[in-house]
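Please find below a colleague's note on the structure.

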Amino acid sequence: MNSLQSFLAVAPVVKPATAAPAGGRLLSSRRARVSACLATPAPPPTAAPAAGPGAARRELSAASRAVVEDEAKYIVGTYKRAQVVFVAGRGCKLYDIDGREYLDMAAGIAVNALGHCDPDLVDAATDQSKRLGHASNVGYTVPQVQLAKRLVEASFADRVFFANSGTEANEAAIKFSRKYQRVAHPDGDAPTEFVSFSNCFHGRTMGALALTSKVQYREPFEPVMPGSTFVEYGNLEEAKKVIQSGKIAAVFVEPVQGEGGIHSATKEFLQGLRDACDEAGALLVFDEVQCGLGRTGYLWAYEIYGVEPDMMTLAKPLANGLPIGVVLVNEKIAAAINYGDHGTTFGGNPFVCSTALAVLDKIQKPGFLAEVSKKGENFKQLLKTKLSGNPHVKEIRGIGLIVGIELDVPAGPLVDVCLDAGVFLLTAGKGNVVRLVPPLIISEKELEQAAEVIRDCLSALDS
């Protein structure tokens, strides 16, 4: 029996929370809980915590504290983490090291579109791991070619490039933009600059970072890649002026901004960008890393607007948590890219691509996307009803199951109290937006639970 089979075969053992032994290790307990996620029903939760800021705060157990302390000791401190140690998940629920249950309204930052430990995805990953996990792009692999074909057949694109993350996909799109313009301008005056927009987020590597508007992300690492201009999101006239300068290789835009605070473009804005790029010879790149692949209730967010890009970047939900990034391109861009112009060691490996194919199988099932649209609209209306009249709630907005609650104060205290009440949330924007991006499989009952907990915890914003 190989190691993965052994891992999956461990029988679940559910025990009451206990203090960690010397060294903070709970190896047998942790292994059993993860096995429960992959092979059997999830462990029964402890008693549900009471909702509301008046309820008792969660206290970290000795087991949790051991993990938190080791993280602080051994991991570079780039994350301000929620005070919870997750060890298992099932569907739309997460379980911490002490067996507490949480409704997951974050989905790994819009990644776990099909929730946690979907049996079909587990089977696909397990089966492929027994065949071939990685062989590099020096040779051909079947799942990669199959996935490329599926993505092309389901989109505007003619070809794809595989990477490992959203920021890598955007880095590739930056390179492809410049190479395309170099080929299109053999006389040597190729445009090399880029346009992106306020509140945007395209990644943290140096090229993608240069296109990301948040100053606090860029300043510590300046100088970043030169030649980026930021325009107010939705301001078409200002964008046209910059595009028509003749210096712009490509325009990067999110049809629906996630990190920026859940802002949706208008058809007029995106169509205007399309027209301006066509007139100036610039490329139009849609970043659908967060809003693509069913999140909006459409397979691709651009379908909402009827505007097609020249390139589109994908990542987060495509393999439901396994690392993947994709650039979809039309033929004119693909024709400008030659052997050796770009590459990746891990991108498109058969293990990840097999899982991504299983994700596509489910999201493309008849009725799946219609259900996402229906649940998203119902959820927005439910939030508006339950949160109406609260002076801190400024706006509830979004499309499908990417929803934001804009507040007039920082959202952190609300997010913390909701975690204590068993609902796991994210923030966005300037920290004043509650970002709701649950698994797309979430039920109406679970959405109602989330809305009720948020309502009951709103008074945390008063202190």
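The numbered points follow.

1. The model is predicted: local features require pLDDT of at least 70, side-chain atom pairs count only at pLDDT 80 or more, and totals for chains, interfaces and linings use all residues. Residues are numbered from 1 along each chain as its sequence is written, and side-chain values use heavy atoms, with hydrogens and water left out.

2. Helix 6 (residues 142-153) and helix 14 (residues 350-363) have axes that come within 8 Å and cross at roughly 35 degrees. Helices (H or I, at least four residues) and strands (E, at least two) are DSSP runs, numbered from the N terminus; axes are lines fitted to C-alpha atoms, for helices over the stretch in contact, with angles from 0 to 180 degrees between N-to-C directions.

3. Contact (heavy atoms within 4.5 Å) involves Pro143, Gln144, Gln146, Leu147, Arg150 and Leu151 of helix 6, which meet residues of helix 14 including Cys353, Leu357 and Leu360. By class, this contact has eight nonpolar, three polar and two charged residues.

4. Which residues line the largest cavity? Among them are His134, Asn137, Gln144, Phe346 and Pro350. A cavity is a set of points on a 1 Å grid over the protein atoms alone where a 1.4 Å probe fits but cannot get out, and lining residues have an atom within 4 Å of a point. The largest cavity holds about 30 Å³ of space.

5. An open sheet of mixed pairing has four strands in the order 1-2-3-15, where pairing requires at least two DSSP bridges between two strands. Strand 1 (86-90) and strand 15 (423-424) are the edge strands. Strand 1 runs antiparallel to strand 2 (residues 93-96), joined by four bridges.

Note on methods
Nonpolar A, V, L, I, M, F, W, Y, C, P; charged D, E, K, R; others polar. 1 Å grid on protein atoms, 1.4 Å probe; cavity = no way out; pocket = protein on both sides within 12 Å on 5 of 7 lines; lining within 4 Å. Points joined across faces, edges and corners; volume = space filled by probe spheres on them.
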